[in-house]
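Work through the exercises below with the sequence and the coordinates open. Each task is followed by a stepwise solution.

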Amino acid sequence: MSLLPIIVVPDPVLKETARPIEHITPEVKQQATDMLETMYDAPGIGLAANQVGRLNRMFVMDTTYRKEASSRNPIVMINPKIVWRSEEISVMEEGCLSIPHQFAEVERPKAVRVQYIDLKGQKVEYLGEDLESHCIQHELDHLNGVLFIDYLSRLKRTMILRKVEKLKKDGVIL
Ligand code: NI
């Protein structure tokens with residue numbers, strides 16, 4: 001197990017599209033373990049492969065995260081695909097480990113049904129609502145090179161990117 005460095009904007013890997021995973025190899029399982037460890041350590045509720053410099057279609061999520069390990073509910077989604085979106089919209093404040101300390105409200109479908117492959121190679125269908133819905137869509141966006149700031153006005157996006165630059169300059173983040 002090892003913590004992976006989290007890539008921060010404006011690294012171009014965050015704008016790339018990740019490729020489907022064809023086989024659940026030991027390397028893929030190790031990547032899932034490392035990504036979960038990295039997400040819990042951050043701490044965050046979701047982490048996508050692009051954010052650790054891997055361009056394969058995997059993300060990890062645990063919206064129930066509390067400090068106690070016993071309350072963890074880790075979910076690993078491989079080759080996720082949204083097959084249904086609710087008409088009802090939800091607005092929630094989102095953040096991103098690749099855009100540290102920045103938050104903004106994002107509008108998304110309030111519920112989504114997602115199909116994915118789990119670490120056993122089995123096809124799973126999962127209904128995510130509210131925070132989970134935001135998280136699934138946010139992480140799946142990462143695999144397509146899309147960030148939550150891409151939904152904001154150009155002015156707001158530029159302001160956020162400048163703030164991250166300043167945090168780097170000030171040594172608050174790497
Ligand atoms: Ni993110």
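**Exercise 1.** Determine which residues of strand β2 are buried on each side.

Solution. Step 1: take strand β2 as residues 58–61, where strands are DSSP runs of E with at least two residues and helices are runs of H or I with at least four, numbered from the N terminus. Step 2: apply the cut-offs, with buried meaning under 20% relative accessible area, exposed over 50% and partly exposed in between (1.4 Å probe, protein chains only). Step 3: Met58 and Val60 are buried on one side, and Phe59 and Met61 are buried on the other. Both faces of β2 are therefore covered.

The model is predicted, so local features need pLDDT of at least 70 and side-chain atom pairs count only at pLDDT 80 or more, while totals for chains, interfaces and linings use all residues. Numbering starts from 1 along each chain as its sequence is written, and side-chain values use heavy atoms, with hydrogens and water left out.

**Exercise 2.** Find the strands that pair with β2.

Solution. Step 1: strands pair if DSSP finds at least two bridges between them. Step 2: strand β1 (residues 46–48) runs antiparallel to β2 with three bridges, and Gly46 stands opposite Met61. Step 3: β2 and β3 are also antiparallel, joined by four bridges; Met58 has Ile78 as its bridge partner.

**Exercise 3.** Follow the pairing from β3 through β6 to β7.

Solution. Step 1: β3 (residues 75–85) and β6 (residues 111–117) pair antiparallel over five bridges, with Lys81 opposite Gln115. Step 2: seven bridges join β6 to the antiparallel β7 (residues 123–129), and Ile117 is partnered by Lys123. Step 3: the hairpin of β6 and β7 has five residues between the strands, and Gly121 there takes a positive phi near 85°.
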